[in-house]
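Student: I should like to go through this structure step by step. Please end each reply on the value or name that I ask for.

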Amino acid sequence: MDSLRPAAETAGRRPRVVVIGTGFAGFHCLRTLERRLPPGAADVLAVNPADYMLYVPLLPEVAAAILEPRHVAVPLRARLPRTRVVLGNTADIDVAARTCSVLDIERRRRTLQWDRLVVACGSVTRLLSVPGVADHANGFKSIAEAVYLRDHILRQLELAEQASDPAERAARTTFVVVGAGYTGTEVVGQGQLLTRDALRQFPGLRPDEVRWLLLDLAPRVLPGLNPRLSAPAERVLRRRGVDVRLRTTVSEVTPTCAVLSDGTEIPTRTVVWCVGVRPDPLVETLGLPTRAGRLVVDECLTVPGHDDIYAAGDVAAVPDPGRPGEITAMTAQHAQRQGELAGINIAASLGHGQARPYRHADKGFVVDLGGSQAVADPFHVPVTGVVAKAITRGYHLAALPAGRSRVALDWLVDSLAGRPLVQFGFVSETAVRLADVDRIV
């Protein structure tokens, strides 16, 4: 056993709470624990491969060169001063022994014991069984992927301007986004404006040479959100020239082509995979009951038969009080609220406060389409255009746990001076290949 043994084992006093993952659920669980537990009441550990919580909804603006990457990363040690951060990936969990094995950043294995465990390791990219996706498509779930995509788009314009072969030129200026949900719609909206602005630096390219395609098997854009947001969002994208193809997806991806489900071949060097996510594979190793690949929990977020294990966020099949018999959707809103509730209920189990069941009131969604355009339905009132844009940015500033002033300043600078269009090349293609990336959140 390593030096991180719980104090309860050696001194018979303080229990240990281990939280796996610091996404929306894990971070807000930890923050709630620090607020609810008196100093010295427990040892609180966070296990995560990175020392920050990523504010994922703003990643499209990182890819569009509007926001600096560090400004959407919330530093754990600064925001959670009473939490001990263990950098590494959770390799396995022994439920009976109350231990979990962690591979640290140097691939060394260490074992942690726990008295309360919170499984909040989030989700991973859902690849499906489409040939070539894992090797030739770009994912969009991390800072590295967002930064790489920005550089890649600018690089393709650079190479297209230099190309003497018209076919190569056309392929490099064609960008395909698969998945018209929240992420894919924002990526195509921001990406199209990025290439429009970038063309000012590439006089050898014409605006009509750049193509953006958005594909989805669903009959409408934003299929998982309010239907009243779909039509306005689609109109904005089509007005900008985005080729929106519904009831269509890719059947194969090669290094130079995307083959669509209707047989059409689209020569391209860029396929962005935004089809969706699935629970982290760690869940499958626990030997605990699951539903739709997610850990079964009760309304207080505890695993039945294991009142010392909690789950929250994308890995938890939390009963939806608004839809009897259903479980909550995999959204940031649910993850944040469930993380907070897990913190409240763990504190209660340690004698501080009262446990509560999960309840929520849907506040609606916001979708940023870039520029002055957005769609939103705050409290189920659909809004579009500049008003929706103001609501969208206000929501993100309110939801950001830290760095609000930096993000607001980035937005101000972008509106006054425009975005800086440079390629750093810090992230290699192999570092973000879907077939190789370790996606424990």
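Student: Leaving aside its neighbours within four places in sequence, which residues is V119 in contact with?

Tutor: This is a predicted model, in which local features need pLDDT of at least 70 and side-chain atom pairs count only at pLDDT 80 or more, while totals for chains, interfaces and linings use all residues. Residues are numbered from 1 along each chain as its sequence is written, and side-chain values rest on heavy atoms, without hydrogens or water. Contact requires heavy atoms within 4.5 Å. With neighbours up to four places away in sequence set aside, V119 has these partners: I20, L286, L295, I309, Y310, A311, A312 and V315.

Student: Which residues have the most contacts inside the largest nonpolar core, and which helix gives the most to this core?

Tutor: A nonpolar core is a set of buried Ala, Val, Leu, Ile, Met, Phe, Trp, Tyr and Cys residues joined through side-chain atoms within 4.5 Å. Buried stands for under 20% relative accessible area, exposed for over 50%, and partly exposed for values in between (1.4 Å probe, protein chains only). Of the 111 residues in the largest core, I93, V119 and F140 have the most contacts inside it. The helix that gives the most, with nine residues from the stretch 143–162, is α6.

Student: How many residues are in the second, separate core?

Tutor: This core stands apart from the other and includes V133, V250, V271 and L434. Its number of residues is 15.

Student: Why does M53 count as buried, and how far apart are the C-alpha atoms of M53 and A402?

Tutor: M53 is found in strand β3 (residues 52–54), where strands are DSSP runs of E with at least two residues, helices are runs of H or I with at least four, and both are numbered from the N terminus. M53 counts as buried because its relative accessibility is 0%. Beyond four places in sequence, its contacts are T22, G23, F24, F27, V72, A73, V74, L76 and P401. M53 and A402 are 349 residues apart along the chain, and their C-alpha atoms are separated by 10.0 Å.

Student: Is H396 buried or exposed, and which residues does H396 touch, not counting residues up to four places away in sequence?

Tutor: H396 lies in helix α11 (residues 385–399). With a relative accessible area of 2%, H396 is buried. Not counting residues up to four places away in sequence, H396 touches Y55, P57, L58, Y182, V366 and W411.

Student: How many of the residues of α8 are buried?

Tutor: The 17 residues of α8 (residues 182–198) reach 24 Å from first C-alpha to last, close to the expected 24 Å. The expected span of a helix is 1.5 Å times one less than its number of residues. The helix α8 is mostly covered, and its buried residues number 14 of 17.

Student: What covers the buried residues of α9?

Tutor: At 1.5 Å a residue, the 13 residues of α9 (residues 227–239) should span 18 Å, which agrees with the 19 Å between its end C-alpha atoms. The buried residues of α9 are L229, S230, P232, A233, E234, V236 and L237. Their cover includes α8, β11 (211–216), β12 (243–246), β23, β24 (373–376) and β25 (383–384).

Student: How far apart are the closest N and O atoms of R98 and D115?

Tutor: A salt bridge is a side-chain nitrogen of Lys or Arg within 4 Å of a carboxyl oxygen of Asp or Glu, and by this rule the count comes to 22. R98 is partly exposed at 31% relative accessibility, whereas D115 is buried at 16%. R98 forms a salt bridge with D115, and the closest N and O atoms are separated by 3.9 Å.

Student: How many residues apart in sequence are the parts that this pair ties together?

Tutor: R98 lies in the loop between β5 (83–94) and β6 (99–104), and D115 in the loop between β7 (109–113) and β8 (116–119). The pair therefore ties together parts whose separation in sequence, in residues, is 17.

Student: At what N to O distance do the side chains of D243 and R245 meet?

Tutor: D243 is partly exposed at 24% relative accessibility, and R245 is partly exposed at 21%. Their side chains meet in a salt bridge with an N to O distance of 2.9 Å.

Student: Which residues are linked in a network of salt bridges?

Tutor: Besides the pairs above, the side chains of E284 and R278 meet in a salt bridge at 3.8 Å, N to O. The residues linked in a network are R169, R206, D208 and E209.
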